[in-house]
Amino acid sequence: MSEAVKIWKILDILKVTEELFAKNNISKPRLNAELLLCGALKTKRINLYLDFEKPLNETELAVYRSMVKRRINREPLQYILGEAEFYGLKFFINRSVLIPRQETELLVDKTLEIISTQRLENPKILDIGTGSGCISIAAASRVLCSIRAIDISREAVKTAQANSDLNNTSSRIEFIQKDFINDNESFNGYNLVISNPPYIAEFEINTLEPEVKDYEPKSALSDNSDGLSFYRKIFETAIQTIEPLTVLLETGDGKKEKVEELVQQYGIKNYTFHKDLLNIERVLEINII
Ligand SMILES: C[S@@+](CC[C@H](N)C(=O)[O-])C[C@H]1O[C@@H](n2cnc3c(N)ncnc32)[C@H](O)[C@@H]1O
């Protein structure tokens, strides 16, 4: 006699997954379960609650189970779902790009603030290490500007272009594959240079969560050195500009002292660190006059 196949209703499967995630040390287990189920069923979260008695069909169950397995292996939710939200916009995400972080939104806030306070009309902006394109696209979705966004990774550039098309910013941003460290990239002609560079030192990689160190691109996290290579190259290039320039750079938690030491070594006098919502010095603003 064949065994009866268990019927899984939305509410039951969420409960079981939540317990499984909790047992496997996945933070926010319920939220993870709900978001994966939304991905598997291609529906919104509210519908899970409206339809919680609804049984899943075989295909839905298979898709969901494979997603749950990936999450238990600590693959980040955004890679499993193939998308992330940043600055209220949707972005396609894959393993060639860093998952946009909420704290990076401060860099966008500061970019928009400077464009407004300096009354820049159609400013020229350079974005170094654009990744998913999140910073440039968020800024370009709010204000008229001309951005050159570079990244060493061809796959990242392709993803950023797709994200720009998705968010209707393609006429404002040009994405280019380029190695900023080894190829010359002058800052002349730009009003603003923005970057969230790979700032994790090589020795720190092993201290990161599995979601980060095992899944996000190494070249997006670290410079394979002391985590300061991009700051050095950016400061060295910035002090050679012949026109006024503002530079906005993300900095990591606990990195302020080292970055500030470098700023001073390069003789840069006009600089400020801006704190994020957690009171961490997150964005360095430099003004070259
Ligand atoms: C920390 S991620 C930032 C990605 C994105 N801007 C964000 O904020 O989510 C750094 C990015 O720098 C890129 N990158 C690494 N080395 C580079 C290099 N030598 N030249 C240009 N881009 C580089 C990586 O591919 C990655 O996309």
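**Close-up views of the predicted model**

**View A. Asparagine 168 is found in the loop between α8 (154–166) and β5 (173–177).** Helices (H or I, at least four residues) and strands (E, at least two) are DSSP runs, numbered from the N terminus. The model is predicted: local features need pLDDT of at least 70 and side-chain atom pairs pLDDT 80 or more, while totals for chains, interfaces and linings use all residues. Residues are numbered from 1 along each chain as its sequence is written, and side-chain values use heavy atoms, without hydrogens or water. Asparagine 168 is not a glycine, yet its phi is positive, at about 55°. Its relative accessibility is 68%, so asparagine 168 counts as exposed (over 50%; buried is under 20%, partly exposed in between; 1.4 Å probe, protein chains only).

**View B. Asparagine 224 lies in the loop between α10 (218–221) and α11.** Here too the backbone is the point to look at. Asparagine 224 has a positive phi near 60°, in a residue other than glycine. The relative accessibility of asparagine 224 is 52%, so this residue counts as exposed. Follow the chain onward to reach the helix of the next view.

**View C. Helix α11 (residues 229–238) is largely enclosed by the rest of the structure, because seven of its 10 residues are buried.** Those buried residues are Phe230, Tyr231, Lys233, Ile234, Phe235, Thr237 and Ala238. What do the buried residues of α11 pack against? Their partners include the strands β3 (124–128), β6 (192–195), β7 (245–250) and β9 (281–288). Helix α12 (256–265) is another partner of the buried α11 residues.

**View D. The ligand is surrounded by 19 residues.** The closest are Gly129, Asp151, Asp179, Phe180 and Asn196. A polar side-chain atom of aspartate 151 lies 2.6 Å from a ligand oxygen atom. For aspartate 179, a polar side-chain atom is 2.9 Å from a nitrogen atom of the ligand. Threonine 130 uses its backbone instead: an N or O atom there lies 3.2 Å from a ligand nitrogen atom.

**View E. Lysine 178 occupies the loop between β5 and β6.** Is lysine 178 buried or exposed? Its relative accessible area is 17%, so lysine 178 is buried. The lysine 178 side chain makes a polar contact, at 2.6 Å, with the side chain of glutamate 185. A polar contact is a pair of N or O atoms within 3.5 Å; within protein, one must be able to donate a hydrogen and the other to accept it, and residues adjacent in sequence count only if both atoms are side-chain atoms. Set aside the neighbours within four places in sequence, and lysine 178 is in contact (heavy atoms within 4.5 Å) with Arg148, Ile150, Asp151, Ile152, Asp183, Asn184 and Glu185. Asp151, among those contacts of lysine 178, is also one of the residues closest to the ligand.

**View F. Glutamate 211 is part of helix α9 (residues 210–213).** Glutamate 211 has a relative accessible area of 12%, so it is buried. Which side chain makes a polar contact with the side chain of glutamate 211? It is the side chain of arginine 74, at 2.9 Å. Beyond neighbours within four places in sequence, glutamate 211 is in contact with Arg71, Arg74, Pro76 and Glu216.

**View G. Aspartate 51 sits in the loop between α3 (45–50) and α4 (58–72).** With 36% relative accessibility, aspartate 51 counts as partly exposed. Lysine 9 is 42 residues away from aspartate 51 in sequence. In space, the two C-alpha atoms are 9.0 Å apart.

**View H. The whole protein chain holds 12 helices and nine strands.** The C-alpha trace spans about 85 × 40 × 35 Å along its principal axes. Of the 289 residues in the chain, 49% are buried. Take the contacts between residues at least 6 apart in sequence: 65% of them join residues at least 24 apart.

Definitions and conventions: A residue is near a molecule or strand if one of its heavy atoms lies within 4 Å of it.
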